[in-house]
Amino acid sequence: MAEDIRERTTLPLGVPLGIFAAVLVVVFLFSRILLNVPKQVAVVVALMTALNILVTCGIIAMRKVQGAMVFALLLVIAVPIVIGGAAAMKVFTIKLPPKVVPPAPPVALSAQNTAYSTTSLTLPPGNATIDFKNQDTVAHNVHLFDGPDGNSPSLFAGQIVNPGGSAAYKVTGLVAGKTYFFRCDVHPTQMTGKATVAAPGTSAAGGPISTGPITLGAANTAFAKSQLDIAANTATKVILTNSDTVPHNFDIVSGPPPYKKPDTQPAIAQGGASVTYDIPGLPPGQYDYQCDIHPNSMKGTLTVH
């Protein structure tokens, strides 16, 4: 009698518990597959499996198939699981679309009074754009040489830019860590400089791109740095330390669209004082900063990477 009761209770309890355990095992193994394949593949495998299960169960529920056809439909359900499992175990490699790397922001360079705005440029490796502006009364250009002077092989010769004009020079083949000589072909002895190619993720000073705070000194009516580098879309603080006897400030006056200079003038740092400026997250590009009190002598370039 007791044995008969055990048989009648074991089967009703054992079947659902066994099915539940089987479902847990399948779900666990399927989750391992989805976690070990690329995101795009995981989405496709999950959707295909769910669709196959729904369609197959619907067909079987209508009882229009039986025997070998049921086995074939169950095999269809297993196909995406097998594919995903093979990808997870690296039996074969699934080719993903290549990552699109945004181009580096252009590097600003200008000419005025028969001189470049800076004699030291930092360019990104590979390809670079030099945004050259001729603010002089005579023509200028930029010519890069693959070596320490103008006797080295020519790397890139920019077109001559007339007074008041500008050009976007596209330079290719730049090697990380290498230094190139550049000059103006119209004034080869007066206008020269060095262009250093930095490794990706480094600033003009050779260190990592700053995410804050940046200390900027001011003395003798000049900024201590004419080039600042910050990370894109990241709020940053600039601390202006005024070691001068006259007041100064820090103002980002221009940049790529849609940047617009604030309507209110940034705070003034009196002689011997310091002021902290909050820079909002900016999109990549070249921006110009200045002291609003001494805009001709105190200016620089802010590169947002």
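## The sheet

Two strands count as paired if DSSP finds at least two bridges between them. On that basis, this predicted model holds an open sheet of three strands. The strand order is S1-S3-S6, and the pairing is mixed.

Strands S1 (107-111) and S6 (166-174) stand at the edges. Each has a single partner strand, so one side of each is left without a neighbour in the sheet. Neighbouring strands of this sheet are turned by 25° against each other on average, with direction ignored.

## Strands S3 and S6

Strand S3 covers residues 126-134. Seven bridges join S3 to S6, and the two run antiparallel. Ile-130 stands opposite Tyr-169 in S6.

## The whole protein

The protein has 305 residues, and 33% of them are buried. Its secondary structure comes to three helices and 16 strands.

Take the contacts with a separation of 6 or more: residues 24 or more positions apart account for 59% of them. The protein exposes about 17,900 Å². Carbon and sulfur atoms supply 64% of that area.

## Confidence

The mean pLDDT of the protein is 79. Of its residues, 65% reach 70 or more. Where is confidence highest, and where is it lowest? Strand S4 (residues 143-145) is highest, at a mean of 97. Helix H3 (residues 68-88) is lowest, at a mean of 59.

Over residues 203-207, pLDDT stays under 50. The model has 10 contacts beyond four places in sequence for this stretch. Where pLDDT is low, the predicted coordinates should not be read in detail.

Note on methods:
Residues are numbered from 1 along each chain as its sequence is written. This is a predicted model: local features need pLDDT of at least 70, side-chain atom pairs count only at pLDDT 80 or more; totals for chains, interfaces and linings use all residues. Side-chain values use heavy atoms; hydrogens and water are left out. Helices (H or I, at least four residues) and strands (E, at least two) are DSSP runs, numbered from the N terminus. Buried means under 20% relative accessible area, exposed over 50%, partly exposed in between (1.4 Å probe, protein chains only). Contact means heavy atoms within 4.5 Å. Accessible areas come from the Shrake-Rupley method with a 1.4 Å probe; for residues, only the protein chains shown count as cover. Axes are lines fitted to C-alpha atoms, for helices over the stretch in contact, and angles run from 0 to 180 degrees between N-to-C directions. pLDDT is the predictor's confidence in each residue, from 0 to 100.
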